[in-house]
Amino acid sequence: MELNGYHCDEGGTAESEDEDTVRPSQTRPWKNTAKSPIATAEIDSAVAVGGAISEQRTSNSTSPRQRIDSLKKNRPPFPWFGMDIGGTLVKLVYFEPKDITAEEEQEEVESLKSIRRYLTSHTAYGKTGIRDVHLELPELTLCGRTGSLHFIRFPTHELPIFLQMGRDKHFSSLHTTLCATGGGAYKYEEDFRTMADLQLLKLDELDCLIKGVLYIDSVVSRGPSECYYYENPTDPEHCEQRPYNLENPYPLLLVNIGSGVSILAVYSKDNYKRVTGTSLGGGTFLGLCCLLTGCSTFEEALEMASRGESTRVDKLVRDIYGGDYERFGLPGWAVASSFGNMMCKEKRESISKEDLARATLVTITNNIGSITRMCAANEKIERVVFVGNFLRVNTLSMKLLAYALDYWSKGQLKALFLRHEGYFGAVGALLELFNPSS
């Protein structure tokens with residue numbers, strides 16, 4: 001990735017396995033300690049729905065101008081960022097205000113203009129930094145300002161290049177604290193301080209994940225629905241993507257598939273628990289594919305998997321029984337042993353790299369689906385939402401998860417997916433800018 005002229009080689013994708021963390025007590029230097037009751041009430045209302053700012057009037061005696069002035073006093077300075085620093089990818093969300101007045105534009109310092117121009121005038125930053133234009137949320141109102149929310153990602157190993165860009169563009173002169181979540185917020189905290197003169201407000205990644213999911217689903221009102229599922233997942237010819245309304249989401253099982261996997265049982269916006277997880281996630285898929293096929297990127301691994309046939313690599317029930325295992329309801333096409341056929345030298349010599357990539361994808365996805373189904377049964381939850389960068393451009397795994405949950409639960413479990421996939425942690429971090437209690 002190249003940021004401001006710097007270059008690194010390509011990397012992979014997916015985010016780090018979530019781990020329970022403790023939120024430290026930190027303060028925001030931009031906060032006005034003399035908050036007005038009106039502004040505090042408005043921001044508290046925002047936190048209740050995931051951080052979005054409600055501009056409802058709390059007193060009939062308060063004029064619109066007073067309310068706007070009050071809100072401005074408690075508004076953090078631009079630029080507004082949220083970061084999720086995962087084990088493989090850094091996810092960055094950036095709010096670009098579009099309602100800048102002539103007075104503001106005149107007062108705006110050149111370094112802030114430079115940052116905005118750089119981030120919004122590019123869709124790619126070097127070879128590996130990407131702004132996902134198709135996910136942009138335009139005409140979004142946040143903390144009383146109207147603008148666009150941009151979604152940017154780059155490999156975590158290129159974080160030093162991002163810090164160099166921030167230093168060269170004098171980011172620290174505008175913003176002394178940056179809201180960040182993910183394991184990298186802890187691992188790289190010292191690098192932010194020494195390389196870019198930036199302080200991190202470290203946030204719990206599971207809190208941010210849930211807050212981001214609820215917020216994005218609440219604000220996406222135009223275009224494709226944020227949440228969707230696959231209708232008729234067991235019938236390939238009639239399997240179609242359909243929108244799903246998450247208006248009343250609870251309870252739900254939230255499965256976050258990054259480098260590893262965390263599974264959360266969510267009963268309300270404030271009541272959730274991490275049920276379990278697995279170390280076999282997107283990082284496992286990419287790592288094994290790099291070893292087995294010689295590929296170097298997530299996209300390349302998926303492309304190879306799309307052309308492969310996993311049944312040449314896996315040993316199926318019919319390979320053992322000659323058909324179905326009827327007593328326990330196991331169909332002949334079910335996988336009995338992932339990579340089981342690779343014990344035979346002749347079969348090893350007959351398979352392709354594409355077959356290996358497909359078998360790796362099926363193995364990881366099946367494992368996630370199996371663990372998810374058991375968790376749903378234990379928690380008595382029928383709605384499952386899958387998120388995380390492992391699902392980015394990964395229709396194969398999404399359809400496989402939808403099929404597996406529907407088939408093995410006899411139609412009781414519905415697999416749901418979200419369009420913004422791996423960005424919810426970063427969105428949740430952004431929303432903490434407007435949380436007066438932190």
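**Exercise 1.** Find how β12 is joined to β13, then work out how the strands around β12 pair.

*Solution.* Keep in mind that this is a predicted model.
- Start at the turn: 2 residues make the hairpin link between β12 and β13.
- Next, check the direction. β12 and β13 (residues 271-278) run antiparallel, with 7 bridges between them.

**Exercise 2.** Is strand β12 largely enclosed or open?

*Solution.* Take "buried" as under 20% relative accessible area. Go along residues 261-268 and count: 6 of the 8 are buried, so the rest of the structure largely encloses β12. For background, 52% of the chain's 438 residues are buried.

**Exercise 3.** Which residues of helix α4 are buried, and where do they pack?

*Solution.* 
- List them first: in α4 (residues 110-120), they're Ser111, Leu112, Ile115, Arg116, Tyr118 and Leu119.
- Then look down the helix axis. The buried residues fall within an arc of 165°, so they line one face of α4.
- Finally, see what they pack against: β1 (80-85), β2 (89-97), β3 (124-125), β4 (129-131), β6 (145-155) and α5 (159-168).

Note on methods. Residues numbered from 1 in each chain as written. Predicted model: local features only at pLDDT ≥ 70, side-chain atom pairs only at ≥ 80, totals over all residues. Heavy atoms only, no water. Buried < 20%, exposed > 50% of the residue type's maximum accessible area, 1.4 Å probe, protein only. Helix = DSSP H or I, 4+ residues; strand = E, 2+ residues; numbered from the N terminus. Arc of directions from axis to C-beta. Contact = heavy atoms within 4.5 Å. Pairing = 2+ DSSP bridges.
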